[in-house]
Amino acid sequence: MPEPVVEISTGEAGTAPPTDYRLIVPFDWFRIPLEPGEWKRSIRALVDNALRGQDDAAALKRQLTKELAARAEDAYRNGGVELYISTTSVGPIPVSASLLVTVVPPDEDLGLSVTGAQRAQEIDEILLPFAGPAIRRRTRTVPADDDSSGNRLPVTTVDYGVKIPMTTASLLLTFSTSLDPFAEALVELFEAIAKSLSWT
């Protein structure tokens, strides 16, 4: 799996309490900013790059664009600030992985509890070296036979919720992958990215 090698900052360095954060993500993870009007251009670039050279892929482009736009809009409505999509491949196999960064409003529950059909494998408290104490939850969801999304693959999700210093707001990092055979390796990568989180 690729090493996290690209440093991402969403703004200018500030004073305490922090006004921003930094993450180190793999260089081939595509960033989609979730501010209104920003994601359309980024999604178009991602889809064009993913399907480059496929002249007969117009319908697939439209479908992929629609799905990503719906995901971006939903994420923004729930406090999402940026979405990363892996464009990595291992040989002919695309590495299905993503990261959603969400700002959780002051005093709102992070929601890191066991719910619905999700099978919690681990919920614990950890220390992120540069960001402070965090709650980590790992789940593996096996889709129901009648899943409306059409997904039939188990999805592994790892959430990291961390309080933003000197505020009552939190930052939530939500990693996910449907590449079940490589889930363990990807979870290690997710952990490395989470541990790179720092405040500015």
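Predicted model: local features only at pLDDT ≥ 70, side-chain atom pairs only at ≥ 80, totals over all residues.
Local features were taken at pLDDT of at least 70 and side-chain atom pairs at pLDDT 80 or more, while totals for chains, interfaces and linings use all residues. Residues are numbered from 1 along each chain as its sequence is written, and side-chain values use heavy atoms, with hydrogens and water left out.

Helices (H or I, at least four residues) and strands (E, at least two) are DSSP runs, numbered from the N terminus. Not counting residues up to four places away in sequence, L173 is in contact (heavy atoms within 4.5 Å) with L23, L99, L100, V101, V158, D159, Y160, A194 and L197.

The largest pocket is lined by 50 residues, and R71, I85, S96, S98 and S176 lie nearest its centre. A pocket is an open set of points on a 1 Å grid over the protein atoms alone, where a 1.4 Å probe fits, with protein on both sides within 12 Å along at least five of seven lines; lining residues have an atom within 4 Å of a point. Helix 2 (58-77) is among the elements that supply at least two lining residues, and its seven residues are the largest share.

By the rule of a side-chain nitrogen of Lys or Arg within 4 Å of a carboxyl oxygen of Asp or Glu, there are 10 salt bridges. One of them joins R136 and D124 (2.7 Å, N to O), linking strand 9 to strand 8 across 12 residues. R136 is buried, with a relative accessible area of 15%, whereas D124 is partly exposed at 22%; buried means under 20%, exposed over 50% and partly exposed in between (1.4 Å probe, protein chains only). D159 pairs with R137, with the closest N and O atoms 3.0 Å apart, and both residues are buried. A further salt bridge joins D180 and R140 (2.8 Å, N to O). D180 lies in the loop between strand 11 and helix 3 and R140 in strand 9, so this pair ties together parts 40 residues apart in sequence. Salt bridges with shared partners join E122, D124, R136, E191 and K195 into one network.
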